[in-house]
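Hi everyone, thanks for coming. I'd like to walk you through one structure today, starting with where its chains meet. Here it is on the screen.

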Amino acid sequence: MKLYLRYLEILFKSQLQYRASFILMTIGQFFVPLVMFASIYFLFEKFGQIEGWSFFEVALCFSIVHMSFAISVCFMRGFDSFSKLVVNAGFDRLLVRPRNTIVQVLGSNFEFTRLGRLIQSTMVLIWALLNISIEWNAFKVATLIFMLIGGIFIFSGIFILGASLCFFTVQGLELINIFTDGSREISQYPLSIYKDWVKNFFTFIVPLGIINYIPLMYLLGRGPYNDILSMLTPLIGIVFIIPCLYVWKFGVSKYLSAGS
Amino acid sequence: MKPYLAIFNLRMINGLQYRIAALAGVATQFVWGFMYIMIYEAFYHGFTGTQTISLEQLATYIWLQQAFFFFVLLWLKDNEIFDSITSGSIAYELCRPCGIYGFWFAKLIAHRLSGTLLRCMPILVIGFFLPIPYRLSLPPNFLTFILFLVTLLLGLIVVISLSMIVYVSVFVTMSPIGSFLIFSVVGEFFSGLMMPVPLMPIWLQNIVYILPFRLSGDLPFRVYSGNISTNDAIIGILTQILWIIGLIALGKVLLTKMLKRVVVQGG
Amino acid sequence: MIKVEGLSKTFKVARRSSGFGEAVRSFFSPKFSEVHALRDVSFSIDEGEIVGYIGPNGAGKSTTIKVMSGILVPDKGECSIMGYVPWRDRVKYVKNIGVVFGQRSQLWADVPVMDSFELLRDIYKVQPANYKKSLDLLTETLNLGEILTTPTRQLSLGQRMRCEIAASLIHDPKILFLDEPTIGLDAMSKIAVRNFIKMINKEKKVTVILTTHDMNDIETLANRIIMIGKGQILYDGNLNNLREKFVTHKTVTVDYNENTSPLELDSASLLSWSKDRATYVVDIKKRGVSDIISELSAKLELTDVAVDSEPIEEIIIKLYKEHQV
C-alpha cells in the first residue's frame with residue numbers, strides 16, 4: 001500500500017509536468033461522457049421512453065455505470081494500457097523486481113485526467129436523483145454506494161482480463177474494447193431492454209446486471225424486493241475480480257515461457 | 001506522383017500484416033453494431049409514431065458505419081506524424097523530394113483504406129444475411145449505389161483534409177493528445193457516430209448540416225439506405241467538393257506557414 | 001555461484017518476404033519457422049568474477065540473460081544461481097540481482113532521479129540506513145551530486161547511464177547483469193562506467209555479467225569471456241588465451257631517415273612503403289617481433305617504432321567465421 005502511494009506520487013508529479021496537456025485532457029475527458037449523455041437525452045426527446053424506463057431512470061443507471069467506470073479506469077490505467085508495457089518490454093523490468101506484478105502494473109500508470117469523466121457523471125447522478133422520487137432509507141443509500149463499489153470491481157476485473165489477453169496476442173487487442181468499452185456502453189441502459197442472451201451474459205458471466213438492473217429495480221421500488229438481499233447484491237461484483245486475477249496469473253506464467 | 005504511390009503501397013502492406021488485428025477489429029465492430037441496433041430496437045419498440053428514419057434504414061446505417069469505421073472515425077491518429085512534428089525530425093522530411101502535404105495525405109489515405117479493406121467485407125457479408133430488423137439491406141437501385149460510392153470516397157477525402165488541419169495545429173500546441181481528444185469527441189458527435197443524425201432534434205441537425213463532419217459518414221450511409229433522395233445526394237456531392245477544396249487550401253496555407261517557422265527556427 | 005547446464009530454448013517466428021502479393025498471401029496463410037535461440041548452453045561462474053558475454057546480434061545473449069534473471073523459462077536445462085532456480089523462485093531470487101538494460105530506462109522520465117531512487121528503495125524494501133549508505137557511496141563514486149535533482153529526460157546519455165547503474169545497485173545486489181551498458185556513450189562516460197564496474201566488483205565482490213559489442217569494455221573489464229553464436233557457446237575462457245590461440249600476425253611500423261629502396265624481410269611481408277616509413281606484417285609463429293625490430297634497426301636509422309597486435313574485434317570475427325556464425 002505504501003509502495004502504491006509512492007507510485008501515485010511519482011505519476012502525479014510526472015503528469016503535472018505537462019500542465020497544458022493535463023488541463024486539455026481533463027476537459028476532453030469531461031466531454032467524452034457528456035456527448036454520450038447528450039445523445040441519450042436527444043433520443044429520449046424523440047422517443048419519450050425505452051421499454052418502460054424514463055429518461056431520469058436511465059440517467060441514474062448511466063451515471064452509476066460511468067462513475068464506477070471512471071474511478072476504475074483511473075486506478076486500472078496500467079492494465080488498460082498494458083499492451084504498451086509488453087511491447088516495449090517494460091514488463092521484463094517489472095519481472096526483475098521482487099514485488100507482485102499486479103501492484104507494479106497498477107503503479108505503472110494512473111490516469112488523473114479521468115477525473116473529468118467522474119465529475120461529469122457525478123453531475124448526471126445528482127441531476128437524476130433530484131428528478132426521481134425514491135423513498136430513501138438507510139438500505140437504499142447503502143445500495144447506491146454498493147452499486148458503485150461493485151461496479152468499480154467488475155470494471156477492474158474486466159481491465160485485468162483485457163490486459164491478460166496481451167500475453168496471448170499483441171495483435172488482437174482491439175477485442176479488449178468489446179469488453180471494456182462494450183460492457184460500459186451496454187450497461188449504461190438497464191439490462192432489461194436487451195435480448196435475453198445479452199441479459200444473461202451480463203448477469204451470469206460478467207455480472208454487470210447485479211449493479212445495474214437488480215438494484216435499480218429495488219431503488220425505484222418496482223416489485224417486492226428484500227431490503228438486505230437487494231442491498232448486498234451489488235457486492236457480488238467484488239467476487240468477480242477473483243477469477244480475473246487467476247487468468248492474469250496464468251497469463252504471466254505463459255509470458256515467462258514464451259518470452260517477447 | 002510516384003513517391004506518393006510508394007508510401008501508399010508501404011502503408012497498405014504494413015496494414016495487411018496484422019491479420020489477427022483485423023479479425024479482432026471485425027469482431028469488435030460486429031458487437032458494437034449489434035449493441036446499437038438492439039438499443040434502437042428497444043427505443044422503437046414502445047414508440048407508436050413515425051420517425052424520420054425507419055428501424056430498417058437505421059440498421060443499414062449502423063452496419064455501414066461499422067463496416068466503413070476506418071473511413072469515418074476521427075480519433076485514428078498517425079503517431080509518426082505527431083512525433084515528427086513534436087520531436088522536430090520534420091526537418092528531415094523537408095529533405096524529401098515531395099511535398100509534405102501530399103506525402104502525409106497519401107499516408108493517411110492508405111492507413112484508412114487498408115484498415116477498411118480488411119474489415120468491411122466480413123461485416124457487409126454477414127450483415128446481408130441477418131434477420132430483419134438487423135439486416136443490412138441492399139440499396140434501392142443501382143444509381144443510389146453509385147452515388148453511395150462517390151459520396152463515400154469523397155467523404156474519406158473530407159475526413160483526411162480535416163485531420164490534416166489538426167496535424168498542422170500540433171505545430172502550435174506541441175502536444176497532440178488533448179486537442180486531438182476534444183476534436184475527435186466533438187467531431188464524431190457531429191458526424192453522427194454517437195447518434196444517427198436523423199434522430200437528432202431539428203435545431204441540432206441544422207448545426208450538423210453546416211459543419212463538414214457529417215459528410216464523411218452520415219451522408220453516404222443515408223444515400224445508401226435511401227433516406228436521402230437522389231437530388232439531395234447530388235447537392236451533397238457538391239458540398240463535399242466545396243469543403244474539400246476549402247479544407248485542402250486552408251491546410252496547405254497553414255502548413256506552409258508553419259514550415260517557414262520551422263525553417264526559421266532551424267528545426 | 002551461478003551454474004547453468006544444458007539450457008535450450010526455441011522460439012517460433014513468422015516469416016514473410018516482401019511485396020504486396022506476398023503480404024496478401026501471408027495474410028491468409030502465415031508461415032512460421034523455429035529459431036533455436038539457445039542449444040545446450042552450459043557454464044558456471046564464481047563469485048566475484050566479471051564475465052564478458054559476447055556474440056553477434058541474435059546469437060542468444062539476451063535470451064541467456066533473460067533466463068538468468070528469471071523472466072524467461074527455458075525449454076530444457078537447469079540453472080541454479082545462489083541456490084535459486086531463477087524462474088521458479090523469481091520473486092525471492094530477484095532481490096539479489098541488479099539488471100541494467102542499456103537501451104531501456106528503468107527511471108521515470110519526468111521526475112527527478114532522486115524520486116526514482118526512492119521508489120526503488122520502497123520496491124526493494126531497503127532499510128533506511130542501508131539506503132543512505134548505498135546512496136552516498138553511489139553518489140560519490142558515480143559523481144551523481146547535482147544530477148540527482150534533475151528530471152531523467154533532461155539528462156545526457158552518459159549521465160543517464162550512470163543513474164541507471166546506480167538505480168540497479170541501490171538494493172545491494174550480489175549479481176549485476178549489464179546489457180550493453182556503454183552503448184552510445186562518449187569516451188569519457190565509457191571510462192567512468194568501466195571504472196565504476198571495476199570498483200564495485202572489487203569493493204563489494206559483486207559478480208558482474210556484461211554483454212557488449214565494444215571490445216574495449218571486455219579488454220578493460222573482463223578476465224573471462226564467454227562467446228556465443230547461433231545459440232551455442234563457442235569459447236569460454238581467458239581473454240589472453242584467446243589471443244594466443246588466434247593472434248598469428250602483428251604489424252610493425254617503423255619510421256626512419258631516408259632510404260631509397262624497400263627492404264624485404266624474412267617471415268614478414270611489406271604492407272606499405274615510403275621513403276621514410278614502412279609497415280610490415282609479421283608472422284609471429286615463425287619469427288619474433290623483437291627479432292624483426294633488431295634486424296630493422298641494424299639496417300636502417302630508425303626514428304620511431306610501433307607494434308600493433310591484431311585488434312580483438314578481428315579475432316572475434318575469425319572465431320565467428322571458424323564456426324560459420
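Let's begin at the interface of chain A and chain B, where the rule finds one salt bridge, meaning a side-chain nitrogen of Lys or Arg within 4 Å of a carboxyl oxygen of Asp or Glu. The partners are B:E41 and A:K195, whose side chains meet at 3.1 Å, N to O.

A quick word on ground rules: this is a predicted model, so local features need pLDDT of at least 70 and side-chain atom pairs count only at pLDDT 80 or more, while totals for chains, interfaces and linings use all residues. Residues are numbered from 1 along each chain as its sequence is written, chains are lettered from A and ligands numbered from 1 in the order in which they are written, and side-chain values use heavy atoms, with hydrogens and water left out.

Back to the interface. How many residues does the contact take from chain A and from chain B? It takes 37 from chain A and 44 from chain B, with contact meaning heavy atoms within 4.5 Å. The two chains bury about 3,500 Å² between them, 75% of it on carbon and sulfur atoms; that is the accessible area (1.4 Å probe) that two parts lose on being put together, summed over both. On the chain A side, A:K46, A:F47 and A:Q171 lose the most area to chain B, together 21% of what that side buries.

Now to the aromatic rings. Over all chains the count comes to 55 aromatic pairs. Rings of Phe, Tyr and Trp (its six-membered ring) pair if their centres lie within 6.5 Å, and planes under 30 degrees apart count as stacked, over 60 as edge-to-face and the rest as tilted. One of the pairs is A:F30 with A:F31, edge-to-face at 6.5 Å centre to centre and 85° between the planes. A:F30 counts as partly exposed because its relative accessibility is 24%; the cut-offs are under 20% relative accessible area for buried, over 50% for exposed, and partly exposed in between (1.4 Å probe, protein chains only).

Another pair, B:F82 and B:Y167, is tilted: 4.9 Å centre to centre, 35° between the planes.

Last stop: B:A233, which is buried because its relative accessibility is 0%. B:A233 touches B:L147, B:V223 and B:I228, leaving aside residues up to four places away in sequence. Thanks, everyone!
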